[in-house]
Amino acid sequence: MNTQIAFLPKKIINWDKLKILEMFYSPNLKSIDSLVYLPSIELIDLSVSQIKSLPRGCIDWGNIRTLKLINTPKLESVEHLINLTSLQRINLHGSSLERLPEILSFVNNEKSDGIKNTQIQIAPYSSLLYLSLSKSSITNYNDILMHSKNLRTLAFSFMKIESIPEVIFKLDN
């Protein structure tokens with residue numbers, strides 16, 4: 001049985017001890033903007049929903065290990081995923097997402113003496129153990145895989161790829 005929930009109430013921000021939120025098969029769910037302060041959350045399953053993006057406040061999902069966004073046909077952006085450094089499992093099977101956040105971001109710091117210092121920050125993909133891109137339209141997976149040194153499970157089923165990405169053969173075992 002599916003839920004009829006379209007939006008989550010604002011009171012959900014008081015759930016600071018919540019560890020697991022499973023809302024699998026909530027086909028009317030369109031917004032998760034109130035899912036901001038969940039410091040203890042470890043697993044969120046919003047599969048089969050109509051969400052378009054992760055909320056800006058997801059940066060406060062400090063302990064999240066698993067994010068399931070299976071069959072999310074309206075999903076356009078997970079740009080804030082880059083802030084979730086403890087993520088180990090991402091399942092985007094059947095999502096309409098076309099790109100994951102860029103791996104490298106360049107931060108220019110100007111020191112007091114006027115010398116610019118450029119730092120490279122690598123996204124959280126280094127902690128990934130499981131990644132499912134099956135039936136998705138994601139095309140920028142090479143950089144992601146290159147920085148996923150701990151990856152143990154990779155799903156590429158039903159994707160429009162012509163060959164196994166070369167970067168897979170360069171991953172450390």
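Student: Is Lys19 buried, exposed or partly exposed? Please examine that residue closely, and then connect it with the rest of the chain.

Tutor: The model is predicted, so local features require pLDDT of at least 70 and side-chain atom pairs count only at pLDDT 80 or more, whereas totals for chains, interfaces and linings use all residues. Residues are numbered from 1 along each chain as its sequence is written, and side-chain values use heavy atoms, with hydrogens and water left out.

Lys19 is partly exposed, with a relative accessible area of 44%. Here buried means under 20% relative accessible area, exposed means over 50%, and partly exposed lies in between, for a 1.4 Å probe and protein chains only. Lys19 forms a salt bridge with Glu42, and their closest N and O atoms are 3.6 Å apart. The two residues belong to distant parts of the chain, 23 residues apart: Lys19 is in the segment before S1, and Glu42 is in the loop between strand S1 (20-22) and strand S2 (43-45). Strands (E, at least two residues) are DSSP runs, numbered from the N terminus. A salt bridge is a side-chain nitrogen of Lys or Arg within 4 Å of a carboxyl oxygen of Asp or Glu, and the count by this rule is 1. Side chains of opposite charge can pair when their charged atoms come close. Glu42 is also partly exposed, at 33% relative accessibility.

From this pair we may turn to the sheet. An open sheet is formed by 6 strands in the order S1-S2-S3-S4-S7-S8, with parallel pairing. S1 and strand S8 (153-155) stand at the edges with a single partner strand each, so one side of each has no neighbour in the sheet. From one strand to the next, the twist averages 5°; such angles run from 0 to 180 degrees between N-to-C directions, along axes that are lines fitted to C-alpha atoms. Two strands pair if DSSP finds at least two bridges between them. Strand S3 (residues 66-68) and strand S4 (residues 89-91) run parallel and are joined by 3 bridges. Leu67 stands opposite Ile90 in S4.

The loops of the chain also deserve attention. Most residues other than glycine have a negative phi. Val48, in the loop between S2 and S3, is not a glycine, yet has a positive phi of about 55°. Val48 is buried, with a relative accessible area of 16%. Asn71, in the loop between S3 and S4, likewise has a positive phi, near 50°. Asn71 is partly exposed, at a relative accessible area of 36%. Ser95 lies in the loop between S4 and strand S5 (104-110) and is buried, with a relative accessible area of 3%. The side chain of Ser95 reaches the backbone nitrogen of Leu97 at 3.4 Å.

Finally, let us consider the rings. The structure holds 1 aromatic pair. The ring centres of Phe24 and Tyr25 are 6.4 Å apart and their planes stand at 45°, so the pair is tilted. Rings of Phe, Tyr and Trp (its six-membered ring) pair if their centres lie within 6.5 Å; planes under 30 degrees apart count as stacked, over 60 as edge-to-face and the rest as tilted. Phe24 is partly exposed, with a relative accessible area of 47%, and Tyr25 is partly exposed at 38%.

Note on methods: Helix = DSSP H or I, 4+ residues; strand = E, 2+ residues; numbered from the N terminus. Polar contact = N/O pair within 3.5 Å; in protein donor to acceptor, adjacent residues only side chain to side chain.
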